[in-house]
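Please open the model in the viewer and keep the sequence at hand.

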Amino acid sequence: MKAAQYINIEGGQVPFSFGMAALTQFCDEHNMTLADFSKLSENMEPKLLLSLLWHGIKDGHRKERKDFSYTLLDVGDLLDENPAFLEKAMDIVAKSMPGAEGNAKAPTKAKR
């Protein structure tokens, strides 16, 4: 299992990971397909953003075998206190997607 990445915040570090486990849970929670997910950046609502980050933090804690107790409100507070967290977390999300630099491309249907 690939380790989580740590994002520095005021007072410490937060483990963050957004692989298939986090993506699946996020999409299931919001009844989204991968196509829906790929369009999120066009019109993301604040609650979806907090949920996406929450799932990444939750998965980071899982991978690092750390207790997890964050709520969506905690994630909002974290962003208020550490504005750079958003950019760093979204960079990790982008790089974890299939086809991102260093990742295998998503499978495509064979042409007939």
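Begin by selecting Leu-53, which lies in helix H3 of this predicted model. Is Leu-53 buried or exposed? With a relative accessible area of 0%, Leu-53 is buried. Display next the residues in contact with Leu-53, leaving aside neighbours within four places in sequence: Phe-16, Val-75, Leu-79, Phe-85, Leu-86, Ala-89 and Met-90.

**The whole chain**

Now zoom out and colour the model by secondary structure. The protein has five helices and two strands, and from the N terminus on the elements run β-β-α-α-α-α-α. Of its 112 residues, 35% count as buried. Among contacts between residues at least 6 apart in sequence, 58% join residues at least 24 apart.

**Helix H3 against helix H4**

Select helix H3, residues 46-63, together with helix H4, residues 72-81. Two packed helices are described by the angle between their axes and the distance between the axes. For H3 and H4 the angle is about 95° and the axes are 9 Å apart. An angle of 65 to 115 degrees counts as roughly perpendicular, and H3 and H4 are therefore roughly perpendicular to each other. Which residues make the contact? On the side of H3, highlight Lys-47, Leu-50, Ser-51, Leu-53, Trp-54 and Ile-57; on the side of H4, highlight Leu-72, Val-75, Gly-76 and Leu-79. By class, this contact has seven nonpolar, two polar and one charged residues.

**The two faces of helix H4**

Val-75, Gly-76, Leu-78 and Leu-79 of H4 are buried. These four cover an arc of only 160° around the axis, which puts them on the same side of H4. Turn the view to the face directed away from that buried side, where the exposed residues Leu-73, Asp-80 and Glu-81 are found.

At 4% relative accessibility, His-55 counts as buried. Leaving aside neighbours within four places in sequence, His-55 is in contact with Ser-17, Phe-18, Ala-22, Gln-25, Phe-26 and Glu-29.

Then select Asp-59, also placed in helix H3. Asp-59 counts as buried, at 6% relative accessibility. Residues up to four places away in sequence not being counted, Asp-59 touches Ser-17, Gly-19, Ala-21 and Ala-22. With Ser-17 there is a polar contact from side chain to side chain, at 3.3 Å.

**Helix H1**

The next selection is helix H1, residues 20-29, in which Ala-22, Leu-23, Phe-26 and Cys-27 are buried. Because they cover an arc of only 125° around the axis, these residues lie on the same side of H1. Met-20 and Asp-28 are exposed on the other side of H1. What covers the buried residues of H1 includes helix H2 (34-38) and H3.

Follow the chain out of H1 to Asn-31, in the loop between H1 and H2. Asn-31 is exposed, with a relative accessible area of 72%. Most residues other than glycine have a negative phi. The phi of Asn-31, however, is positive, near 50°.

In the loop between H1 and H2, select Thr-33 as well. Thr-33 is partly exposed, at a relative accessible area of 42%. Where does the side chain of Thr-33 reach? It reaches the backbone nitrogen of Ala-35, at 3.3 Å.

The last stop is Arg-65, in the loop between H3 and H4. What is the phi of Arg-65? The angle is near 55°, a positive value in a residue other than glycine. Arg-65 is exposed, with a relative accessible area of 70%.

Conventions. Residues are numbered from 1 along each chain as its sequence is written. This is a predicted model: local features need pLDDT of at least 70, side-chain atom pairs count only at pLDDT 80 or more; totals for chains, interfaces and linings use all residues. Side-chain values use heavy atoms; hydrogens and water are left out. Buried means under 20% relative accessible area, exposed over 50%, partly exposed in between (1.4 Å probe, protein chains only). The arc is that of the directions from the helix axis to the C-beta atoms. Contact means heavy atoms within 4.5 Å. A polar contact is a pair of N or O atoms within 3.5 Å; within protein, one must be able to donate a hydrogen and the other to accept it, and residues adjacent in sequence count only if both atoms are side-chain atoms. Axes are lines fitted to C-alpha atoms, for helices over the stretch in contact, and angles run from 0 to 180 degrees between N-to-C directions. Angles under 35 degrees count as roughly parallel, over 145 as roughly antiparallel, 65 to 115 as roughly perpendicular and the rest as oblique. Ala, Val, Leu, Ile, Met, Phe, Trp, Tyr, Cys and Pro count as nonpolar, Asp, Glu, Lys and Arg as charged, and the others, Gly among them, as polar.
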